[in-house]
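Here is a walk through one protein chain, from a single residue out to the whole fold and back to its details. Keep the sequence and the model side by side while reading.

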Amino acid sequence: MTALADAAQLTPAAHDNVLTTAELRAHGMSEGTIARRCRPGGPWRRLLPGIVLLGAGEPTRRQLVRALARYVGGECMVTGGDALDAHGVALPRSPAVHILVPKGRRMLSPTFAMVERTARPPEPVVVDGIPFAPAARAALDAARREPDPGRLRDLLSLPIYYGLTTAAELRAELDAGSQRGSAAVRSELRAIDRDRDTYVHGWARAVLRDGPLPPPRWDVTVYDRRGRYIGTVDAWWDEVGMGWQFHPPGKPHLGHLALAAAGVTVVRTDPERLTTDRRGVLTELAKAFRTAADRRRPSVQCLARVAA
């Protein structure tokens, strides 16, 4: 490959147009060519020592995360809001990319990074080639530094809601780690303990993650074709017109008789079974889905607040 090779030929999209100078040299580019392309006004730019962005514009957050992960190397990982985003929970992130490095590691902190040394590095979760902290650690690393009560609650409750962790795992991680900034986190976890809905949704999502069903829509209101209200379901498979209700005790299962009368296949599950009989619940859902798929889809429409 010549020094004038197109950037798209130098790197697959999976690398986010971020390469090391060693990789560029391996593609036949000399140090002089790399330096020339990274000059002001050139087609490329250096993001960090030894890390090049194959483009002249401002790097995206994703490119900064990728560059930082490549710069710090092994045994290091991205945590906080960027890690939660990689796990599928999009929340406001800190201005700096938060990374964990081993306690004995010495390095200069890049301007767009917050480097935290830890004696307890967790096992990373690799997503698209980038190592991220697991959800519980990522949530707590962000929560300890979050002064806003609303965002603090989101950081702790949404990973539970989406089934990525549990309150027990968060408490265990909190107890084992640094106690800096833990008072507000402990108070919020106690409040979450009183909000059973958070747990139930997390359990339900965890059940479906282990099974063959396509992802549903969550928290759906079902109407007839004329727009008249029929009922609500916790999860909804629109392609077959099937709903799933798992409200905790004390909350009404809204409209299940009206839904059934409209031809909707409704599966109702006691929330306790979501933890004690996951296989049985999944079997029931899969059987109901097959039955619904074999029938004509009911003439209903829905409005969902959350998409999986």
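In which helix is the place of Thr275? Thr275 sits in helix α12, residues 273-276. Helices here are DSSP runs of H or I with at least four residues, strands are runs of E with at least two, and both are numbered from the N terminus. Before going on, note that this is a predicted model, in which local features need pLDDT of at least 70, side-chain atom pairs count only at pLDDT 80 or more, and totals for chains, interfaces and linings use all residues. Residues are numbered from 1 along each chain as its sequence is written, and side-chain values use heavy atoms, with hydrogens and water left out.

Back to Thr275. Its relative accessibility is 40%, so Thr275 counts as partly exposed. The scale is simple: buried means under 20% relative accessible area, exposed means over 50%, and partly exposed lies in between, with a 1.4 Å probe and protein chains only. Thr275 and Val207 are 68 residues apart in sequence. In space, their C-alpha atoms are 8.4 Å apart.

Now the whole protein. The secondary structure comes to 13 helices and 13 strands. The C-alpha trace spans about 75 × 45 × 30 Å along its principal axes. Of the 308 residues, 48% are buried. The accessible surface is about 15200 Å², and carbon and sulfur atoms hold 53% of that. These areas come from the Shrake-Rupley method with a 1.4 Å probe; for residues, only the protein chains shown count as cover. A contact means heavy atoms within 4.5 Å. Among contacts between residues at least 6 apart in sequence, 58% join residues at least 24 apart.

Next, the interior. A nonpolar core is a set of buried Ala, Val, Leu, Ile, Met, Phe, Trp, Tyr and Cys residues joined through side-chain atoms within 4.5 Å. The largest such core has 67 residues. Leu156, Trp237, Met242, Trp244 and Leu274 have the most contacts inside it. What does Leu156 touch, not counting residues up to four places away in sequence? Its partners are Leu140, Ala143, Leu170, Val185, Glu188, Leu189 and Ile192.

Buried residues in α13 are Gly280, Val281, Leu282, Leu285, Ala286, Ala288, Phe289 and Ala292.

Asp16 is not a glycine, yet has a positive phi of about 55°. Asp16 lies in the loop between α1 (7-10) and β1 (18-20). With a relative accessible area of 16%, Asp16 is buried. Asp219 also has a positive phi of about 55° without being a glycine. Asp219, however, lies in strand β9, residues 217-224. Is Asp219 buried or exposed? Its relative accessibility is 12%, so Asp219 counts as buried.

Lys103 lies between β5 (97-102) and β6 (113-118). At 57% relative accessibility, Lys103 counts as exposed. Lys103 touches Arg117, Thr118 and Ala119, leaving aside residues up to four places away in sequence. Lys103 and Glu116 are 13 residues apart in sequence, and their C-alpha atoms are 8.4 Å apart. Ser178 is in the loop between α8 (167-176) and α9 (182-193). Its relative accessible area is 32%, so Ser178 is partly exposed. Val233 is 55 residues from Ser178 along the chain, and their C-alpha atoms are separated by 41 Å.
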